Amino acid sequence: MADRPDAVKTALRALRFRDRTTAELDARLEQRGIGEAEREQALETLERIGYVDDERFARSRAERLVERGSGDALIRYDLEQRGVAAEIVEAALAGLEPERERAARIVERRGPGDKTARYLAARGFGEDALEGIVAQGD
(Lines give C-alpha, C1' and ligand atoms only; values in the text may rest on other atoms or scores of the structure.)
Protein backbone atom coordinates (compact mmCIF):
# COMPACT_ATOMS: atom_id res chain seq x y z
CA MET A 1 0.00 0.00 0.00
CA ALA A 2 2.99 2.29 0.44
CA ASP A 3 3.46 2.23 -3.34
CA ARG A 4 0.03 3.76 -4.03
CA PRO A 5 0.89 7.34 -3.03
CA ASP A 6 4.05 7.07 -5.12
CA ALA A 7 1.96 5.87 -8.08
CA VAL A 8 -0.41 8.81 -7.77
CA LYS A 9 2.45 11.29 -7.33
CA THR A 10 4.29 9.85 -10.33
CA ALA A 11 1.14 10.09 -12.47
CA LEU A 12 0.48 13.64 -11.28
CA ARG A 13 4.02 14.66 -12.24
CA ALA A 14 3.40 13.23 -15.72
CA LEU A 15 0.16 15.21 -15.97
CA ARG A 16 1.77 18.46 -14.88
CA PHE A 17 2.72 19.58 -18.38
CA ARG A 18 0.10 17.94 -20.61
CA ASP A 19 -2.94 15.71 -20.58
CA ARG A 20 -2.22 12.01 -21.04
CA THR A 21 -4.25 8.89 -21.71
CA THR A 22 -4.84 6.13 -19.21
CA ALA A 23 -2.62 3.85 -21.30
CA GLU A 24 0.23 6.39 -21.38
CA LEU A 25 0.10 6.84 -17.62
CA ASP A 26 -0.13 3.09 -17.04
CA ALA A 27 2.98 2.55 -19.17
CA ARG A 28 4.84 5.30 -17.35
CA LEU A 29 3.96 3.85 -13.96
CA GLU A 30 4.96 0.37 -15.11
CA GLN A 31 8.34 1.74 -16.25
CA ARG A 32 8.80 3.14 -12.76
CA GLY A 33 8.36 -0.36 -11.33
CA ILE A 34 4.92 0.17 -9.84
CA GLY A 35 2.90 -3.02 -9.58
CA GLU A 36 -0.31 -3.67 -11.50
CA ALA A 37 -2.65 -3.38 -8.50
CA GLU A 38 -1.12 -0.07 -7.43
CA ARG A 39 -1.26 1.27 -11.00
CA GLU A 40 -4.93 0.34 -11.29
CA GLN A 41 -5.78 2.01 -7.98
CA ALA A 42 -3.88 5.17 -8.90
CA LEU A 43 -5.50 5.40 -12.33
CA GLU A 44 -8.97 4.79 -10.90
CA THR A 45 -8.41 7.56 -8.38
CA LEU A 46 -7.22 10.00 -11.04
CA GLU A 47 -10.14 9.11 -13.33
CA ARG A 48 -12.64 9.52 -10.50
CA ILE A 49 -11.42 13.03 -9.66
CA GLY A 50 -11.27 13.98 -13.35
CA TYR A 51 -7.52 14.27 -13.83
CA VAL A 52 -7.52 11.46 -16.40
CA ASP A 53 -10.26 11.30 -19.02
CA ASP A 54 -9.56 9.52 -22.31
CA GLU A 55 -12.66 11.00 -23.96
CA ARG A 56 -11.60 14.55 -23.11
CA PHE A 57 -8.07 13.78 -24.24
CA ALA A 58 -9.25 12.32 -27.57
CA ARG A 59 -11.52 15.29 -28.34
CA SER A 60 -8.84 17.81 -27.47
CA ARG A 61 -6.06 16.00 -29.33
CA ALA A 62 -8.25 15.52 -32.42
CA GLU A 63 -9.10 19.24 -32.46
CA ARG A 64 -5.41 20.19 -32.17
CA LEU A 65 -4.54 17.88 -35.05
CA VAL A 66 -7.33 19.39 -37.17
CA GLU A 67 -5.84 22.84 -36.51
CA ARG A 68 -2.54 21.49 -37.85
CA GLY A 69 -4.23 20.31 -41.05
CA SER A 70 -4.53 16.59 -40.32
CA GLY A 71 -7.03 14.22 -41.89
CA ASP A 72 -9.06 11.54 -40.15
CA ALA A 73 -6.61 8.70 -40.84
CA LEU A 74 -3.72 10.56 -39.22
CA ILE A 75 -5.88 11.56 -36.24
CA ARG A 76 -7.13 7.99 -35.82
CA TYR A 77 -3.57 6.64 -35.95
CA ASP A 78 -2.29 9.20 -33.43
CA LEU A 79 -5.03 8.45 -30.92
CA GLU A 80 -4.71 4.69 -31.31
CA GLN A 81 -0.94 4.94 -30.75
CA ARG A 82 -1.68 6.70 -27.46
CA GLY A 83 -3.87 3.82 -26.33
CA VAL A 84 -7.28 5.41 -26.82
CA ALA A 85 -10.06 2.84 -27.26
CA ALA A 86 -11.51 2.54 -30.78
CA GLU A 87 -15.00 3.68 -29.78
CA ILE A 88 -13.58 6.81 -28.13
CA VAL A 89 -11.50 7.51 -31.24
CA GLU A 90 -14.55 7.22 -33.46
CA ALA A 91 -16.58 9.49 -31.16
CA ALA A 92 -13.82 12.11 -31.28
CA LEU A 93 -13.71 11.94 -35.07
CA ALA A 94 -17.50 12.19 -35.30
CA GLY A 95 -17.35 15.45 -33.35
CA LEU A 96 -15.07 17.12 -35.89
CA GLU A 97 -15.91 19.18 -38.94
CA PRO A 98 -16.30 16.82 -41.92
CA GLU A 99 -12.98 15.82 -43.47
CA ARG A 100 -14.08 16.91 -46.94
CA GLU A 101 -14.69 20.48 -45.72
CA ARG A 102 -11.29 20.63 -44.04
CA ALA A 103 -9.65 19.37 -47.23
CA ALA A 104 -11.52 22.01 -49.28
CA ARG A 105 -10.10 24.77 -47.06
CA ILE A 106 -6.57 23.48 -47.58
CA VAL A 107 -7.13 23.35 -51.33
CA GLU A 108 -8.34 26.96 -51.26
CA ARG A 109 -5.16 27.99 -49.48
CA ARG A 110 -2.69 25.88 -51.48
CA GLY A 111 -4.46 25.72 -54.82
CA PRO A 112 -5.71 22.67 -56.71
CA GLY A 113 -3.43 20.10 -58.33
CA ASP A 114 -1.44 16.95 -57.89
CA LYS A 115 0.95 18.51 -55.41
CA THR A 116 -1.92 19.49 -53.11
CA ALA A 117 -3.47 16.04 -53.51
CA ARG A 118 -0.19 14.43 -52.41
CA TYR A 119 0.03 16.86 -49.50
CA LEU A 120 -3.50 15.98 -48.35
CA ALA A 121 -2.88 12.26 -48.73
CA ALA A 122 0.31 12.57 -46.66
CA ARG A 123 -1.67 14.42 -43.96
CA GLY A 124 -4.10 11.52 -43.61
CA PHE A 125 -7.01 12.66 -45.75
CA GLY A 126 -8.97 9.81 -47.31
CA GLU A 127 -10.02 9.32 -50.90
CA ASP A 128 -13.57 10.44 -50.12
CA ALA A 129 -12.27 13.80 -48.95
CA LEU A 130 -10.00 14.19 -51.98
CA GLU A 131 -12.47 13.04 -54.61
CA GLY A 132 -13.53 15.92 -56.78
CA ILE A 133 -11.68 18.56 -54.75
CA VAL A 134 -8.29 18.63 -56.40
CA ALA A 135 -8.28 19.27 -60.14
CA GLN A 136 -5.92 17.28 -62.38
CA GLY A 137 -2.53 18.69 -63.20
CA ASP A 138 -0.14 20.88 -61.31
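In the predicted model, Glu24 touches Arg18, Phe57 and Arg82, when residues up to four places away in sequence are not counted. Glu24 is located in helix α2. With a relative accessibility of 18%, Glu24 counts as buried, because the cut-off for burial is under 20%. The side chain of Glu24 also places a polar atom 2.9 Å from the backbone nitrogen of Thr21.

Phe57, one of the residues touched by Glu24, is itself among the buried residues of helix α4. Helix α4 comprises 14 residues, spanning residues 54–67. The distance from its first C-alpha to its last is 20 Å, close to the 20 Å expected at 1.5 Å a residue. Besides Phe57, the buried positions in α4 are Asp54, Ala58, Arg61, Ala62, Leu65 and Val66. These residues lie on the same side of α4, because the arc they cover around the axis is only 160°. An α-helix has 3.6 residues a turn, so residues three or four places apart point the same way. The cover over the buried residues of α4 includes α2 (22–31), the helix in which Glu24 is found. Also included in this cover are α5 (72–81), α6 (86–94) and α7 (99–110).

Conventions. Residues numbered from 1 in each chain as written. Predicted model: local features only at pLDDT ≥ 70, side-chain atom pairs only at ≥ 80, totals over all residues. Heavy atoms only, no water. Helix = DSSP H or I, 4+ residues; strand = E, 2+ residues; numbered from the N terminus. Expected span 1.5 Å × (residues − 1). Buried < 20%, exposed > 50% of the residue type's maximum accessible area, 1.4 Å probe, protein only. Arc of directions from axis to C-beta. Contact = heavy atoms within 4.5 Å. Polar contact = N/O pair within 3.5 Å; in protein donor to acceptor, adjacent residues only side chain to side chain.
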